[in-house]
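Please keep the sequence and the model in view while reading.

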Amino acid sequence: MTLRLVVIGNGMVGHHFLKQLVGADRFRITLIGGEPHPAYDRVHLSEIFSGKSAADLALASRAEYESAGIDARFGDRAVAIDPVNRTITTEHGSSVPYDRLVLATGSYPFVPPIAGNDLPGCLTYRTLEDLERIRAGAAGARRGTVVGGGLLGLECANALMNLGLETHVVEFAPGLMNVQLDTEGSTMLKRKIEALGIRVHTGTATQAIERAASEEYALTMRFAGAGDSLDTDLIVFSAGIRPHDGLAREAGLIIGERGGIAVSADCVTSDPHIYAIGECAAWQNRIFGLVAPGYRMAEAAAGHLLEEPAPFQGADMSTKLKLLGVDVGSVGDAQGAVEGALAYTFHDPVRQVYKRLNVSADGRKVLGAVLVGDCETYDAVLQYYLNTLPLPGSPEALILPGSELTLPGADSLPESAIICSCLNVTKGAIGAAVSGGCAGVGAVKAETGASTGCGGCGPLLKSIVDAELARLGIEVDTALCPHFRHDRQGLFHICQVEGIRTFDDLLERHGNMRPDGGSRGCEVCKPAVASILASLWNDYVLEKKHAGLQDTNDARLANMQKNGTYSVVPRIPGGEITPDKLIAIGAVAKKYDLYTKITGGQRIDLFGAQLHELPLIWRELIDAGFETGHAYGKALRTVKSCVGSTWCRYGVQDSVGMALTVENRYKGLRSPHKLKMAVSGCARECAEARSKDVGVIATEHGWNLYVCGNGGMRPRHADLFATDLDDETLIRYIDRLLMFYVRTADRLQRTSVWMENLEGGLDYLRQVIIEDSLGIGAELEAQMARVIGSYQCEWAATLEDPERLKKFRTFVNAAGGDDQIVFVRERGQRRPATAEERLLHTDRVEEAS
């Protein structure tokens with residue numbers, strides 16, 4: 001017998017429920033969605049403000065539901081349930097009969113009962129329509145305030161900041177993310193967020209909202225306390241959620257003590273014909289506000305309907321996310337509330353990192369953890385917690401920096417280990433998918449759903465897939481990401497051979513257009529392809545056809561600093577500079593009050609510029625004879641030099657002249673990672689050439705060439721590549737080396753790692769570059785010549801176009817800067833204020849006013 005199954009609600013959980021029933025012919029399914037859109041990814045909702053579209057977030061389309069035999073109705077809310085006659089009445093007057101009903105109505109944003117909470121400019125943050133209202137409100141606003149300092153509140157604050165608003169967060173509780181973090185973690189998170197320029201008001205109760213008395217702002221928030229208030233233009237409530245249980249209440253279903261529709265382990269309500277799943281449901285009087293528990297409920301309800309029981313038994317509420325660029329992780333019992341719990345803590349006030357590991361009284365298992373500022377070991381901690389793995393002899397290694405204890409290997413995890421807690425995917429299920437024919441991470445994702453929720457389990461998933469493939473003797477998939485089945489080298493070759501000049505064209509011809517519900521690219525492939533296109537064609541990076549591919553630094557042609565300002569680094573080839581140019585830099589720094597620092601690469605860095613000041617600074621520097629130093633890009637940064645034979649009594653060659661030749665030749669070359677070079681005039685090596693990607697050291701007979709060294713966290717001396725080269729041969733070898741690296745390296749791979757991963761290493765590289773064993777030497781040289789011939793100063797190109805200049809405004813609706821960024825004077829220059837200094841400054845301003 002075919003049952004009429006009606007689902008009310010098409011959020012992420014409702015959609016996941018429907019996926020469980022695809023192919024089950026015992027049901028005739030009707031879907032009633034209150035929103036006008038099919039299901040979309042609400043977890044990544046704020047990305048709408050950073051370039052994604054509604055289509056990018058879509059989890060399904062009307063056509064897909066139709067092809068699955070589902071009668072999907074959108075924009076017509078259910079307004080009543082008649083459990084006696086088993087019918088549903090919709091807002092437009094339709095009557096829909098059912099044999100079984102699933103309520104997936106989700107939740108709604110809690111708006112505190114504050115006088116004035118319905119004034120114009122008071123909004124909520126929950127749906128696509130909410131975001132459009134926020135965008136419209138921001139167009140005429142200068143300051144935006146979020147009420148709520150939890151997960152959603154901080155996501156909303158990020159959205160307001162992306163819209164160019166001065167952003168405040170008001171939280172009634174004494175700390176941010178009180179549910180997930182302990183007191184110290186919350187305090188550290190507040191410091192890091194305030195360092196980004198967001199003002200956080202914790203322990204603050206809003207008593208009333210009024211129309212502002214002045215014309216400068218639209219609204220005034222009145223706080224508990226003598227005369228405390230905040231003027232603002234926009235207020236967004238994101239102070240938690242409440243279950244959408246109204247339909248169930250009116251239908252007479254039993255409701256939980258704190259709201260929510262009471263359900264059994266099979267997600268059956270007090271009416272045996274009605275189920276409830278997700279944030280509208282209360283299991284054992286508990287409401288789960290994350291998507292992963294909602295998915296488990298969807299699976300429990302579907303299992304009961306299909307007579308394949310999968311009872312809901314609660315869910316792990318651990319979470320890892322990046323809030324406003326700050327890594328935050330919470331695992332299990334973050335507060336250490338379990339009786340007898342012991343805590344290891346690590347606190348680095350300089351790097352602003354806080355970690356806490358809670359273990360059982362016998363020290364044998366992980367109970368929970370808090371990670372703020374560094375989540376590198378989150379996956380390891382989570383696996384120890386989820387799978388009750390016995391702790392190592394030194395549990396503190398799980399949170400201490402520099403420890404060698406990392407993620408438990410694929411072989412050490414049991415088959416029952418939960419790898420993806422969002423979709424409840426075990427290691428065994430991943431292994432079965434690989435054995436069943438899934439030959440890569442993308443295929444395993446499609447088969448199991450692993451890593452398609454929050455994505456946090458991605459690295460562990462890849463290691464398990466690779467281990468399973470190796471066990472079966474199958475070549476490991478090296479696809480760049482789920483959107484492309486090729487690695488970076490393959491994509492480079494495709495773009496070169498086919499003359500592809502845009503990301504969209506590459507995706508259309510060679511990409512997986514909808515691997516995860518509609519996404520068109522990700523944070524892995526977009527910048528990687530942007531680098532490939534720049535290396536091949538050297539187009540202006542901010543052209544419209546490349547929009548959305550760059551990271552923050554590339555998009556602003558400057559480096560963002562901790563307080564939201566930018567640093568400007570003009571190119572000083574070889575470190576050689578005239579007195580007039582030094583004076584010009586000093587005049588610019590003095591005019592704009594920029595902190596000035598000589599870098600290790602023999603350049604001068606100017607810190608503290610606001611976004612709207614960048615074009616003004618560029619203009620003055622260009623007029624003085626400077627150009628961009630590409631400090632913001634994965635490109636050639638510097639060619640360091642000593643004074644060589646021109647001045648030094650030990651010098652045997654003109655190292656400055658060679659450094660100028662090299663830097664002016666390769667400036668602007670985009671590459672998989674940053675490039676640094678140096679030229680020393682003798683064996684005393686004052687320019688430190690042997691710690692660079694390309695190092696040149698003078699000899700009596702010419703130049704010695706060193707390759708593939710680097711400084712940084714894992715220093716590596718460069719290897720001697722060739723000796724006693726004349727100028728022409730030296731440049732030819734560097735041309736070939738750099739272009740071969742650009743062609744064949746993996747994304748974000750330094751030259752040192754690239755060479756070590758080449759089969760044959762240094763000897764193979766000598767064969768390709770010196771002996772031309774592959775017969776591509778002339779081709780590499782010609783390709784480098786094209787890049788050199790198409791060079792342009794990106795600062796100058798930006799200044800020539802008024803449309804491009806519109807991107808460089810601190811506020812979208814005002815020409816000035818952000819007067820909330822606080823500096824202090826130190827050693828004759830200004831620097832960013834610490835959190836404590838900013839609070840002191842604010843208090844003084846408020847007292848003065």
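Which domains does the domain assignment of the protein chain give? The assignment lists domain 1 (3-108 + 242-305), domain 2 (122-239), domain 3 (488-556) and domain 4 (635-791); domain bounds of this kind come from an automatic or database domain assignment. The model is predicted, so that local features need pLDDT of at least 70 and side-chain atom pairs count only at pLDDT 80 or more, whereas totals for chains, interfaces and linings use all residues. Residues are numbered from 1 along each chain as its sequence is written, and side-chain values use heavy atoms, with hydrogens and water left out.

**Overall form**

The C-alpha trace of the protein chain spans about 100 × 75 × 55 Å along its principal axes. A compact globule of 849 residues would have a radius of gyration near 29 Å, and the 30 Å of the protein chain agrees with this. The radius of gyration is taken over C-alpha atoms, and the globule rule is 2.2 Å times the number of residues to the power 0.38. The centres of domain 2 and domain 4, taken over C-alpha atoms, are separated by 50 Å.

The secondary structure of the chain comes to 26 helices and 38 strands. Helices (H or I, at least four residues) and strands (E, at least two) are DSSP runs, numbered from the N terminus.

**Two open sheets**

Two strands pair if DSSP finds at least two bridges between them. Strand β14 (residues 219-223) is joined to β15 by four bridges, and the two run antiparallel. Thr220 stands opposite Asp231 in β15.

Another open sheet consists of four strands in the order β28-β29-β31-β30, again with antiparallel pairing. Here β28 (559-560) and β30 (595-598) are the edge strands, and each pairs on one side only. Two bridges join β28 to strand β29 (residues 566-568) in antiparallel fashion. The bridge partner of Met560 in β29 is Tyr566.

**Cavities**

The structure holds three cavities of 30 Å³ or more. On a 1 Å grid over the protein atoms alone, a cavity is a set of points where a 1.4 Å probe fits but cannot get out, and lining residues have an atom within 4 Å of a point. Grid points are joined across faces, edges and corners, and a volume is the space filled by probe spheres set on the points.

| Cavity | Volume |
|---|---|
| Largest cavity | About 70 Å³ |
| Second largest cavity | About 40 Å³ |

Where does the largest cavity lie? It lies between domain 3 (488-556) and domain 4 (635-791), because both give residues to its lining. Among the lining residues of the largest cavity are Asn538, Tyr540, Arg670 and Tyr791.

The lining of the second largest cavity includes Val694, Leu737, Tyr741 and Trp754. The elements that give two or more residues to this lining are α20 (727-744) and α21 (751-757). The largest share, three residues, comes from α20.

How values were computed
1 Å grid on protein atoms, 1.4 Å probe; cavity = no way out; pocket = protein on both sides within 12 Å on 5 of 7 lines; lining within 4 Å.
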